[in-house]
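Here are my notes on this model, point by point. Please read them with the structure open.

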Amino acid sequence: MRPNLAQDAPPTSLQVGGGVYPVNWDYRAWLEITAKMGEIVPEADTPDDMRRNMALFEEIQALAFGGVLADEAPENVLRAVANFARGYPSAPVSGEEDHRGGASLYSLDYDLNEILLAIRNQGGPDLSYRRKEPYHWWEFLLEVRTLAGEHYITRLMEIRGYSGKDKELLAMKARYALPERSRAAHEQLLNDLDALFYNS
C-alpha cells in the first residue's frame, strides 16, 4: 500500500544519500522552500546563475535541515527535498498538473491568504499567524488538495481554468490570472520536480 494518512504518520526525517537527517516539517518552512526551489535556474550556464543557484540551495538546506549537509551530494539533497515537497503520494490534482497544458490555477505564494481562509472555513485548522504550533507540510498539502465547494479560491481556480468561448468568462479569466512571476515560478517548480522523478 502507498503511504497514507490512515496508517502512516508523515515523516519527520529524510534519507539523503547515506544518512538520515531530521527535517523541519512545518508548513511555513516548506512554503519558503518550494518558493526558493521555483527560483532555481535549471540550466545555469553563467557565473551569476551558478552563484544564485548555490545561494538558493544553501538557503533551502538551512530551512529544511538547519544547515548545509556537507557530506551529501547536492543532487541527492535536492532529490530528497523535492520528494518531501510532494507530500503523500497522490493522483494528479487540478491546479498542480495543469502546467502541462496551460497556466497553473493557483499559487501557494500569490493565493496563500485565500487558501488559508478556505482551509479554516472548510473546518480545517487555523493556519494563520495566530497558530503557534507547527503543522506538518504533508497534512497542509492534503488540506489544499481537498478544498471543495464555493470558497473564493476554488471559484478563482474555476475561472482560471475556463477554456470555453464566453467573452465575459474569458475577460474574468484574464482579470484573475496569476501574475507572470508567480505562474512562472510555480510552473518551473513543478517541471523541475517532474524532471527529478521521471527523467532520472
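1. Overall make-up. This is a predicted model. The protein has 8 helices and 2 strands. From the N terminus, the order of elements is β-β-α-α-α-α-α-α-α-α. The chain holds 200 residues, and 40% of them count as buried.

2. Surface and contacts. The accessible surface comes to about 11,500 Å². Carbon and sulfur atoms account for 53% of that surface. Among contacts with a separation of 6 or more, 69% link residues 24 or more positions apart.

3. Strand E1 covers residues 13-16, and strand E2 covers residues 19-22. The two run antiparallel and are joined by 4 bridges. The hairpin has 2 residues between its strands, and Gly 17 takes a positive phi near 55°.

4. Which residues of E1 lie on the covered face? They are Leu 14 and Val 16. Ser 13 and Gln 15 make up the uncovered face.

5. The nonpolar core. The largest nonpolar core counts 42 residues. Trp 30, Phe 65, Val 81, Trp 137, Phe 140 and Ile 153 touch the most other members. At least two core residues come from each of E1, H1 (27-37), H2, H3, H4 (112-121), H5 (137-145) and H6 (152-160).

6. Phe 140. Which residues does Phe 140 contact, once neighbours within four places in sequence are left aside? The list is Tyr 27, Leu 31, Leu 108, Leu 112, Leu 116, Ile 119, Leu 127 and Tyr 135. Phe 140 is also one of the core residues that touch the most other members.

7. Helix H3. H3 spans residues 74-86, 13 residues in total. At 1.5 Å a residue, the helix should span 18 Å. The end C-alpha atoms are 19 Å apart, so the length agrees. Val 77, Ala 80, Val 81, Ala 82, Phe 84 and Ala 85 are buried in H3. An α-helix has 3.6 residues a turn, so residues three or four places apart point the same way. After H3 comes Gly 87, with a positive phi near 80°.

8. Glu 59. This residue sits in helix H2, residues 47-65. Is Glu 59 buried or partly exposed? Its relative accessible area is 35%, so Glu 59 is partly exposed. Met 37 is 22 residues away from Glu 59 along the chain, and their C-alpha atoms are separated by 9.9 Å.

Methods:
Residues numbered from 1 in each chain as written. Predicted model: local features only at pLDDT ≥ 70, side-chain atom pairs only at ≥ 80, totals over all residues. Heavy atoms only, no water. Expected span 1.5 Å × (residues − 1). Buried < 20%, exposed > 50% of the residue type's maximum accessible area, 1.4 Å probe, protein only. Pairing = 2+ DSSP bridges. Core = buried A, V, L, I, M, F, W, Y, C linked by side-chain atoms within 4.5 Å. Contact = heavy atoms within 4.5 Å. Areas by Shrake-Rupley, 256 points an atom, 1.4 Å probe, with all protein chains shown as cover.
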